[in-house]
Every structure is written in C-alpha cells, then in structure tokens.
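Student: I have a new model on screen. Can you take me through it?

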Amino acid sequence: MAALRGLYRTGLGALCRRKGYQGFGLSKEMVLNCYKKMTLLNTMDRILYESQRQGRISFYMTNYGEEGTHVGSAAALEPNDIIFGQYREAGVLMYRGFPLDLFMAQCYANADDLGKGRQMPVHYGSKDLNFVTISSPLATQIPQAAGAAYAVKRENSNRVVICFFGEGAASEGDAHAGFNFSATLECPIIFFCRNNGYAISTPTNEQYRGDGIAARGPGYGMMSIRVDGNDVFAVYNATKEARRRAIAENQPFLIEAMTYRIGHHSTSDDSSAYRSVDEVNYWDKQDHPISRLRHYMTARGWWGEEEEKTWRKQSRKHVMEAFERAEKRHKPRLDLLFSDVYQEMTPNIEKQKEAMWNHLKHYKEQYPLDLYDK
Amino acid sequence: MAAAARLVLRTASGAKVLRAGLGWLGAPIRVPHAAAHFTFHPDPVPTRHGPTQKMNLFQSITSALDNTLSSDPTAVIFGEDVAFGGVFRCTVGLRDKYGKDRVFNTPLCEQGIVGFGIGVAVAGATAIAEIQFADYIFPAFDQIVNEAAKYRYRSGNMFDCGNLTIRAPWGCVGHGSLYHSQSPEAFFAHCPGIKVVIPRSPVQAKGLLLSCIADKNPCIFFEPKILYRAAVEQVPTEPYLIPLSQAEVLQEGSDVTLVAWGTQVHVMKEVAAMAQEKLGVSCEVIDLQTILPWDTETVCKSVVKTGRLLISHEAPVTGGFAAEISSTVQEECFLNLEAPIARVCGYDTPFPHIFEPFYIPDKWKCFDAVKRMINY
C-alpha cells in the first residue's frame, strides 16, 4: 500500500463508465445493499434534522457526505467485530442492521430506547450488533478500543476491533495514548479516521500542520494508509485488507479516509458562519459517495431512474412510519433515572429515589408525568 | 562552601577528605524523617480463611493478584514497570508465573493505562490497572469520571467496565512531598458509578482488593504506601473476600466516635488509647474502608450512641471526605450531637516536604480535638 505519497482510490465515479473498470468483483446484491443503506441513512438524516428544527427532538447530527466511509468500512467487517465510534458513524450501525425504530427511539429517548433515555440523540449503542455505546467526550474510545483488541487477541476469536474518530479528535491526548498502546501491545485493531475537513468550525489547517493523521502512524510503528473516503470500494478494500492483516499479524492499522462534512456539525451549528456555500456545493455535487456509487450501478445496468424513484418513495415511507411510531411512544419510566449507576442499587441512591417519588406526591402538577411510562 | 567542595573533588580517597572538607560545618542537624507518626497494630490472626503466612502489605497485594491470575484466565495486570515486579514490589514473580501476555508494562501514560483497562473490561476480561502513584492519577481523570463511571448507566446496561480495578499507592510516606504523598479519594467520592476502597492492613488489603476485583463495578483501590513494608500480619494464603461498603467497628466505645481510613486508622487507635488513659474517655474507632459508596448506617448508629464525632484524614480539610461524612451525620443525627463534629485533616496546602511532621493530622492534634469535644 503506497501510503502517504498518494491517496488510495479506485476511481469510483465518473471513471467507472470507462471500459474495463472492474469494481472488484463485489456482487450486485452487495453493492445494491451498500447503496440502499447509504441512501436510507441520508433520508433518515433529513427527516430527523427537520424534526429537531420543529422541536420534536432536542438535538441531531447528520452524516451528509460521509456515508461512503460508514458503509464501505462496515461492509468489510464481520458481524462480531467490535465497533467503537465517535458520533458520526450511524451508517456503520445501519449497515449492521440496527432498525429505524431503534434509531428513532434513541433520538426521541422514548421507552423503546435501548439506552433507557439517558443520553442525547445520536448516542447509539447496540450490544447485539457489537457497537459500543457512543459517548460525547472525544477520542476517549481510542485507548479503550486498544484494550478491547488486546482482550480479543487473547481470546483467539478471529475478531478485529475497529475504532472510528474524526481528524479533530485525533488531536486529543487519548488518541496518542491509544495509538502508542496498540502498537507496543500488538493489538488487532483498525483505527479509522474520518478526515472530513472540519471540527465544528475549525478547519484542518488549524487542527494540525503535519501531513494529516495517516502520517502519524509510522511515528508509532503503525502501518497506515490514506484513502479516498468518498470511494466506497476504496474504503471497502482498505478496511478488508487491514482487517485481514490485523488479525493475522496482531498489529494495528491506521486508515485515514478523506471525505467532507457536507452538513453542519450539528443542529446547534450554522456552518455558513465559517465556510462558503460554494465549497459545500462542490462536494455535494461533484464528489458525493452516493452519486459516485450510483454512477457505477447505472453503468453496470443494475440501477436506473425507475429503481431510484421506487426506492426513494419506499425508504421515505419506512422512515416516516418509524418516525410517527417513535413520536407517539411514551418516555421511559422514572425509576430508570436511578438504576444502572452500579450493577446493584445502593442504599444512598435508593433513598434519593424514594425522596423523588415523595416529592412528586406533593408536587406532581409541576412535572410532565403524562409523557412517561408508569 | 565552594572551597570545601573543591577539596573534596580533587582527591581520590573520598570519605576522609569529605570529613576534613566539611568538618567546619559542625555536626549535621537531624530532621526526624525516620520516626513514623503511627504504630502499626496488626489484627488478630484470621482463623476463618484457612492457613496463613506472614506477609507485609505489598506481599498481601501480590498474594491477591496471584490468586486472581490463578483462578481467572482472562485476568491481566498492566501499568508502568509492573513487569519486573513494580516500584513497590506488588507484582514480583507474577510475570514469570503467568506469562508476559498477562503481566506487562504499558507506555508511560496514565490516560492510556485507564482507557486501555476500560476497553479490556468492556471486552469481558478482568483488567487490573496500576497507576504508579495516586498523585499521577489525574491524567486518567476523564477516563475514570466520564467513561468508566458512566459506562453502564449511559448504555442502558448494555455495556459496562465492571471488570476494571485500578490500584494506586496512596498517602503520606514521611518524605513524599507534593507528588508522592497525595490522598485523592475526595475527587473520586464525587463520582457516582465507581467504588473507592482504602485498606488499613495486609489482611484487609487482600480481602478488599479481591472484593474490588470480583465486584461488577469499576473500583479504585488505594494502597497506603507507608504500610507496604511497615505493616506485617498473618494473612490467609487462599483467596477470601471482605465486603465493600461495610465500615468496621474496631473497638467499641461510648463517648466519642473516631472515623478514619487507611494509615490514619492506626493513629486513631492510639488516640483512643490516649483518650482512655489521660481523659477517661471511651472512644469507638471505625475504619470506613469503602469511601464510595460509604456505610452511613454504621457511622450514624455509632454517633447516635456517642453523640460526638471526629473524622480524620491526611487530605486537605476543605472539600475532603470528612466534609461529606460530617454533612450526612449532622442531617441524620442532629439531635444526638453533644458537640460540633470535628475534622482533623491536612491543611489547605499542597503536601509539603520538610514540613510534613507539622502538616499531618497526628495523634496530638486528634487527641486535642477529642479533649475539646468532651469539654464543649
């Protein structure tokens, strides 16, 4: 892998209309699945972003422009590989099969939320799908992922750990710690950096002066590659190979996927304050992972106008139905405020819970009790 | 001074020249570093846990770790310098016995040590992380407070790092100064989701450490470093558990309740003896053992009986854990109190070097506080 002198890409997009573009032998079924997951995510993002604007959910983060990094990497993993994420990897979870209802439940913090309504929207997690619950502090997952990989190595279970983070989080001390530990302790782990150009308003030239994140890898004794993050096949290939070698050789691999954050950082951000509409439009129109994959599918004769129209209607319908269900659902019952602090309930917390219920007995009109499960 | 130094450097035969060179300075002034501020009182030999062996505190830790590595194939021990046996010899022999994949050094990075440990625990293995001195735990504060403590709650109980135990040497040692003497338990007491445990002796240390390791919540285990060699007891060689969050009444009394943990428990025992002898005052001595979650019931029950409470710790008094105990006791036992609750603690300064004998809450300061409470 000719790492830092170039950008690994397969030319997915306009180039693949040329004769001879191989597409790496991925089946039609797999490619269509990738496309559908990317577009379903996009549709869900639009609806949930809008729902925050309308005051239905408190907060949201979209994944616009980075769908290729999610789906390309997720497709290269096995179901029992452990995933540590940052917060902009919903497509990885979606690819694994996390249902729309559960995405919505977490965002609405309703009684169906696997996280029991405790965290802000987009802090997903799924034990069944081996996706460790997201936390807000940045880069904390990086040394944790190294530890998990060490444990996995000792199990001899043929699994890899993948750890996602942005180029901004890579500036945190925890990133340095995680990279160094994974190399010295020989952990089977893939570090996947989504370099999307911005950390909220901070562009990359204010985040680092070196040659991006991939160039740091060799400093730790870690194999690294920089890929075109909007080329799903490039992401897929790099991840697949990194996975194979990480398990076979018990060493970490660093993939820096170059992409672009088309959307705002979150619903609390208006990126027109720090970047031009032209810049955003370029990436949206000229270098979008979804349209680049669609070019390929069209060129192969696997997809056309009709399929696109039908799928758009169908995916939107699914999202809207899940949305309406989630909106109607009650919030979790109040006792869940107090449980899971420890594995067992402790006397002090039990006392405080009783105090709260006692308080509610006398002041219940002051609280929105009707919204919550009994 | 310079002339004397030159004389020393120029000649080969060291000692004689040194004496000749520095003799004009007079006899050296001795600051009593050597005299400890406490006497270690071993507990009676335990009879309920099988055969015992003479062990000091660091050996009792090694014994607990040995038992753990033996019975739990997933258990791993890691941190700075643990491979050769550790700077306090707590892990001597374990790497040879159990293998380099189970007892290993990490790079010098506390946030990495704890973060890595969380990950090991999340993946289902038993992680025992060593921080070389409690004074250096702060780079890991984010991982402990924001991650380890909240892992179970924030994931709706889908994920947890209950398999994580963090160990660190703790407390004054006679010459440790700012960065080898700290008692940071108060910082962590404010963090729901973790447990904080401090033993007073080898027998306690092994049982409490094994309980921390077995406990399904992330635990911080502070080891009083001044006791590593000084505290020697007969300790059971087989594993045994001492329950967490249960304070121990070491001696019963009727007039004053004395609460402490770690090294300070031994100071309190002496204070109780002094109070009995010099004042005819009967003290009830309680070793809190677990700082979080702490045993409010035992302490309050005692204060209801005695009406007077003295809490003592080396850490600075403002915001120290004595403040939490004091606040809770006055809520629960207000009408039983005969005197204001006394806190005899370190001053609100960093832990000093040469001034340590004046800084620490020694038996005279505690005795004086008892006297004032009795005469209130």
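**Sheet and interface**

Tutor: In chain A, 6 strands make an open sheet with parallel pairing, in the order 2-1-3-4-8-7. Strands (E, at least two residues) and helices (H or I, at least four) are DSSP runs numbered from the N terminus, and two strands pair if DSSP finds at least two bridges between them. This is a predicted model: local features need pLDDT of at least 70, side-chain atom pairs count only at pLDDT 80 or more, and totals for chains, interfaces and linings use all residues. Residues are numbered from 1 along each chain as its sequence is written, chains are lettered from A and ligands numbered from 1 in the order written, and side-chain values use heavy atoms, without hydrogens and water.

Student: Which residue in strand 3 of chain A stands opposite A:Phe84?

Tutor: Strand 1 (residues 82–84) and strand 3 (residues 161–166) of chain A run parallel, joined by 3 bridges. Opposite A:Phe84 stands A:Cys163.

Student: How many salt bridges cross the interface of chain B and chain A?

Tutor: The rule wants a side-chain nitrogen of Lys or Arg within 4 Å of a carboxyl oxygen of Asp or Glu. A:Arg154 and B:Asp101 meet this way, at 2.9 Å, N to O. Across the interface the rule finds 3.

Student: Which element gives the most to the side of chain B that touches chain A?

Tutor: Elements giving two or more residues include strand 3 (103–105) and helix 5 (110–122) of chain B. The most, 9 residues, comes from helix 5 of chain B.
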